[in-house]
Structures are given as C-alpha cells and as structure tokens.
Amino acid sequence: MNPSEQIDRLIAGLTDWRGKTFAGIRKVILEADTEIIEEWKWMGSPVWSRDGLIAVANAHKGKVKLTFAYGASLSDPDKLFNAGLEGNARRAIDFVEGDAIDEWALKNLVRAAVEHNQSKSKRKAPAGNRGKAPRSKKT
C-alpha cells in the first residue's frame, strides 16, 4: 500500500469528527502546493514534505494534532499554533471537536513551511569556488 492509500485507510477508520477534520486538514495541505509529497512514517503517521519535512498529523482521543517540524521558525500571523509553543523547533495546531479549519490561514502556513525548507536547502548548497583565490604552494 502506498502512503496515500495508508492515509485514506487511517481517515476511513476515524468514524467520528476526527475523520472529517483529518480529511479537511489533508485536503488543505495538498492544495497549498501541488509538489507536496505524502509519506507514511514512524510506524503509522501521515507526513507531508517538500524539500524537507513540513508537518505530521496524528489523531488522538480528543483532538487531531498537526505538528509543523520547523513551526518555531515560521511566521504565524493568524495565530493558528496553539500547542508546543514552548519548543525550540516544532509548533502544533490542536483541532478539537467543533473547530473549523481556517483554510486560507493553514495554506499560508504550509506555504511558509515550504519556503523555510527551500531556504534551508539553499543555505546548505556548496558555495563552490566563487570569490576564492587559488591557494599558492609554499616552496
């Protein structure tokens, strides 16, 4: 089974409000950027990535948690993050029964995560020999 099929199966197994919420979150993430890849990691967690990890989602007893790997580095003008605020890297959004998904704000947050990943990978790229004079050998 590929990751998308595994996520389909997970959502189908959530027969209460969490299934609908999970499906809505997934839809928004995939609409935010057509190059986002769905993965299945860590023994049963849906993960979305593009140029690095964006977010992982999990259904818990009373909530659906969407954790952004580098959420602490992202601007959150719409104040979606409501969990994990004390962490140095991750930030999360806990959705509870009755919460609406702010699709516009969530798409913007996902896009910011993609931009963050892309800027990280550009910083890691080798600089090459730009601006460096060749070393002379001492004789």
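This report describes the fold, core, strand pairing, helix packing and salt bridges of one predicted protein model.

**Basis**

The model is predicted: local features need pLDDT of at least 70, side-chain atom pairs count only at pLDDT 80 or more, and totals for chains, interfaces and linings use all residues. Residues are numbered from 1 along each chain as its sequence is written, and side-chain values use heavy atoms, with hydrogens and water left out.

**Overall fold**

The protein has 3 helices and 5 strands. Helices (H or I, at least four residues) and strands (E, at least two) are DSSP runs, numbered from the N terminus. Along the sequence the pattern reads α-α-β-β-β-β-β-α. Of the 139 residues, 39% count as buried. Buried means under 20% relative accessible area, exposed means over 50%, and partly exposed lies in between (1.4 Å probe, protein chains only). Contact means heavy atoms within 4.5 Å. Among contacts between residues at least 6 apart in sequence, 50% join residues at least 24 apart.

**The nonpolar core**

A nonpolar core is a set of buried Ala, Val, Leu, Ile, Met, Phe, Trp, Tyr and Cys residues joined through side-chain atoms within 4.5 Å. The largest one here has 28 residues. Those with the most contacts inside it are I54, L66, F68, I93, L106 and V110. Six elements each supply at least two residues of this core: α1 (3-13), α2 (17-32), β3 (53-59), β4 (64-68), β5 (91-95) and α3 (103-124).

Leaving aside neighbours within four places in sequence, L106 is in contact with V28, L66, F68, L80, I93 and I101.

**Strand pairing**

Two strands pair if DSSP finds at least two bridges between them. Strand β2 (residues 45-49) runs antiparallel to β3, and 3 bridges join them. S49 has L53 of β3 as its bridge partner. The hairpin of β2 and β3 has 3 residues between the strands. In that hairpin, D51 takes a positive phi near 55°.

β3 also pairs with β4, again in the antiparallel sense, over 5 bridges. A59 has V64 of β4 as its bridge partner. This hairpin has 4 residues between β3 and β4.

**Helix packing**

α1 and α2 pack at an angle of about 150°, with their axes 9 Å apart. Axes are lines fitted to C-alpha atoms, for helices over the stretch in contact, and angles run from 0 to 180 degrees between N-to-C directions. The angle makes α1 roughly antiparallel to α2. Angles under 35 degrees count as roughly parallel, over 145 as roughly antiparallel, 65 to 115 as roughly perpendicular and the rest as oblique. On the α1 side, the contact is made by S4, I7, D8, L10 and I11. On the α2 side, G19, F22, A23 and R26 take part.

L10 lies in helix α1. L10 is partly exposed, at 25% relative accessible area. Not counting residues up to four places away in sequence, L10 touches F22, W40 and P46. L10 and G44 are 34 residues apart in sequence, yet their C-alpha atoms are 8.8 Å apart.

**Salt bridges**

A salt bridge is a side-chain nitrogen of Lys or Arg within 4 Å of a carboxyl oxygen of Asp or Glu. The structure holds 11 of them.

| Lys or Arg | Asp or Glu | Closest N and O atoms |
|---|---|---|
| R50 | E35 | 3.4 Å |
| K41 | E39 | 3.9 Å |
| K63 | D94 | 3.5 Å |

The R50 and E35 pair links distant parts of the chain, 15 residues apart. R50 sits in the loop between β2 and β3, and E35 in the loop between α2 and β1 (37-41). R50 is buried, with a relative accessible area of 17%.

In the second pair, K41 counts as partly exposed at 32%. E39 is partly exposed at 22%.

K63 lies in the loop between β3 and β4 and D94 in strand β5, so the pair ties together parts that are 31 residues apart in sequence. K63 is partly exposed at 26%, whereas D94 is buried at 15%. Salt bridges that share partners also join D33, E35, R50 and D51 into one network.

E115 lies in helix α3. E115 is exposed, with a relative accessible area of 54%. E115 and R50 are 65 residues apart along the chain, and their C-alpha atoms are separated by 9.4 Å.
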